[in-house]
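Good morning, and thank you for joining this meeting. Please turn to the sequence and the structure on the screen.

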Amino acid sequence: MIPAQNEEAAIGQVVSDLLRDQPNLAEVIVVDDGSSDGTAKVAAAAGATVVRHPLARGYGAAVKSGILASKGDFVLTLDGDGQHRTTDVAKFLALAEEHDLVAGHRVRWLHSSAWRLPGKWLLRQLSTYIVRQRIPDINCGLRLYHRDVILRYLHLCSDAYSFTATSMVLLIYWRHRVAFVPVDVLPVAGRGRVTVRTGLDTLMLLLRIATLLDPLRVFLPISAGVFLAGIAWGAPYALAGHGVSVGALLLVLTALLLFAVGLLSDQIAQLRKEQLER
């Protein structure tokens, strides 16, 4: 399944290469996410089944449409700009039966713009903190899902570019079988669609996922930090015999409130966990 938007120049070659290198695929679906060029026409001419969004709905929404339109037990996704090697697909198919998610791990150190590296590192560290497991690559678009498994979590995944990150965090957190496959990516021409806003949206969504899955992992460290700041602020006043500092008291009360909110959120998260496990 290939989500694509205004990829007329590359999508035909991607579909042709995929059909040539992987002749045993049951189907190739291209989701045209509101393209203003001939992406859908070129993809259909190359042999793909085309699902069209009249208006652009986002990368994640395109992936969701492709998963829902597919009929097989497994769904493999790759980008429509030609950056992924279609010969790598065989490595993913070989691991399909034993895993619920097989994700690409881009081995080339500088596989995106240098200015994006700090943000990508931060998102990867946050994701690792949430799931308590090292994630080598959180947003590579070349991956293979067990369809029945990912369908359970589609309503929690983003419609935007952060679908890749949130879906991986969800599947790892719920202890599904996840494997990483080293892959290389090819340089592509044109302007990337990932912006600073995309990174901020992904960060906020990961924080929402964290509070949904394990709220105490978010609220407890913050509460402890605020509490210690209050103690550090108030201790000199108390030791000097000046009584209790109002600022320190407010910090301690804030820490207690954050801890209480974390406990309440944790109870709600446990209820949602029971619903997902049914």
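I shall speak about a pair of helices and then about a sheet.

This is a predicted model, in which local features need pLDDT of at least 70 and side-chain atom pairs count only at pLDDT 80 or more, while totals for chains, interfaces and linings use all residues. Residues are numbered from 1 along each chain as its sequence is written, and side-chain values use heavy atoms, with hydrogens and water left out.

Helices (H or I, at least four residues) and strands (E, at least two) are DSSP runs, numbered from the N terminus. The axes of helix 1, residues 8-21, and helix 2, residues 39-46, come within 8 Å and cross at roughly 20 degrees. Axes are lines fitted to C-alpha atoms, for helices over the stretch in contact, and angles run from 0 to 180 degrees between N-to-C directions. Helix 1 and helix 2 are therefore roughly parallel to each other, a term for angles under 35 degrees.

Which residues of helix 1 meet helix 2? They are Glu-8, Ile-11, Gly-12, Val-15, Ser-16 and Leu-19, and their counterparts in helix 2 are Thr-39, Val-42, Ala-43 and Ala-46; contact means heavy atoms within 4.5 Å.

Strand 4 and strand 6 (residues 143-146) run antiparallel, joined by 4 bridges. Thr-77 lies opposite Arg-143 in strand 6.

Conventions
Parallel < 35°, antiparallel > 145°, perpendicular 65-115°, else oblique. Pairing = 2+ DSSP bridges.
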